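I opened this notebook to record what I looked up, entry by entry, and to keep each entry to what the coordinates show.

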Amino acid sequence: MHEDKLIKRIEQGDASAANELLQTYYQEILRYCIWHAPDYSLAEDAAQETFLKALRYFDHYDHRGKFKAFLYRIAANTCIDMARKKSSTEFSLDNAEAFVLVDKEIEGVESDLTLHQLVKCLSQEAQEIVLLRFEHDLTIREIGLVMELPLRTVQSKLRSALKILKKELQEGGLK
């Protein structure tokens, strides 16, 4: 796997490998941070801080194919820290231009906005699980690592959230 080779090179002190790893995951982490930040510039700051922390604490990371989950956990904590420092506002469609800057494909932007609008009816925890699963394509196991929840709990909460979303869609709940 390409990621394994990059991590091995980083462990050997190869700075260009760290840059390659950043390029590999930057857009994903930025999109994740956009959901949690009140504006695009704070999302960029959170994404950059995520990678700085990942490199700073790289010595503590034990690579077993879970680097993506490791990054998302750092991003989640970074976004929480930033929200504490600056009063956070909820995502609104006013922030939609941030998605255009990240993803030039209009269909992708529309589907992101639809997903974000739809999940608003869920609890914060359920929103996080649904977004990590369907917007960021994390596995159930990776979501468990990111959110520090047991695998069965993630499965159960995802199932419950999907039932709620299905009901909302059937009732025309998307406004």
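**Entry 1: a lysine in helix 3**

Which residues does Lys53 touch, not counting residues up to four places away in sequence? I looked this up in what is a predicted model, and I found that Lys53 touches Ile74, Thr78 and Asp81. I placed Lys53 in helix 3, which covers residues 40–56. I then checked its accessibility and noted that Lys53 has 17% relative accessibility and therefore counts as buried, the limit being under 20%.

**Entry 2: the whole chain**

I stepped back to the overall make-up and counted nine helices and zero strands, so that my list of elements from the N terminus on reads α-α-α-α-α-α-α-α-α. Of the 175 residues in the protein, I noted that 45% are buried. I also looked at contacts with a separation of 6 or more, and wrote down that 58% of them are accounted for by residues 24 or more positions apart.

**Entry 3: helix 2 against helix 3**

I kept in mind that two packed helices are described by the angle between their axes and the distance between the axes. For helix 2 (residues 15–36) and helix 3, I recorded axes that come within 9 Å and cross at roughly 140 degrees.

Sorted by class, the residues of the contact of helix 2 with helix 3 come to 15 nonpolar, two polar and one charged.

**Entry 4: Leu21**

Leaving aside neighbours within four places in sequence, I found Leu21 in contact with Glu3, Leu6, Ile7, Ile10, Phe51 and Phe67. I also took the C-alpha to C-alpha separation of Leu21 and His2, which is 9.4 Å in space for two residues that are 19 apart in sequence.

**Entry 5: helix 7 and its partner**

I turned next to helix 7, whose 12 residues reach 15 Å from the first C-alpha to the last, close to the 16 Å expected at 1.5 Å a residue. Its buried residues, as I listed them, are Ala126, Gln127, Glu128, Ile129, Val130, Leu131, Leu132 and Glu135.

How do the axes of helix 7 and helix 8 cross, and at roughly what angle? I noted that the axes of helix 7 (residues 124–135) and helix 8 (residues 140–147) come within 10 Å and cross at roughly 135 degrees. Helix 7 and helix 8 are therefore oblique to each other, and helix 7 passes helix 8 in a crossing that is right-handed. The contact is made by Glu125, Glu128, Ile129, Leu132 and Arg133 on the side of helix 7, and by Ile140, Ile143, Val146 and Met147 on the side of helix 8. By class, I recorded six nonpolar, no polar and three charged residues in the contact of helix 7 with helix 8.

**Entry 6: loop residues**

Where does Asp137 lie? I found Asp137 in the loop between helix 7 and helix 8, with a phi near 55 degrees, a positive value in a residue other than glycine. Asp137 is exposed, with a relative accessible area of 53%.

I then went to Glu148, in the loop between helix 8 and helix 9 (151–170). Glu148 has a positive phi of about 55 degrees although it is not a glycine, and Glu148 is exposed, with a relative accessible area of 62%.

My last stop was Lys66, in the loop between helix 3 and helix 4 (67–85), which is partly exposed at a relative accessible area of 33%. Not counting residues up to four places away in sequence, Lys66 touches Tyr61 and Leu145. Lys66 and Leu145 are 79 residues apart in sequence, and I noted 8.7 Å between them in space, C-alpha to C-alpha.

How values were computed
Residues are numbered from 1 along each chain as its sequence is written. This is a predicted model: local features need pLDDT of at least 70, side-chain atom pairs count only at pLDDT 80 or more; totals for chains, interfaces and linings use all residues. Side-chain values use heavy atoms; hydrogens and water are left out. Axes are lines fitted to C-alpha atoms, for helices over the stretch in contact, and angles run from 0 to 180 degrees between N-to-C directions. Helices (H or I, at least four residues) and strands (E, at least two) are DSSP runs, numbered from the N terminus. Angles under 35 degrees count as roughly parallel, over 145 as roughly antiparallel, 65 to 115 as roughly perpendicular and the rest as oblique. A crossing is left-handed if the near helix is turned anticlockwise from the far one by less than a right angle, and right-handed if clockwise. Contact means heavy atoms within 4.5 Å. Ala, Val, Leu, Ile, Met, Phe, Trp, Tyr, Cys and Pro count as nonpolar, Asp, Glu, Lys and Arg as charged, and the others, Gly among them, as polar. The expected span of a helix is 1.5 Å times one less than its number of residues. Buried means under 20% relative accessible area, exposed over 50%, partly exposed in between (1.4 Å probe, protein chains only).
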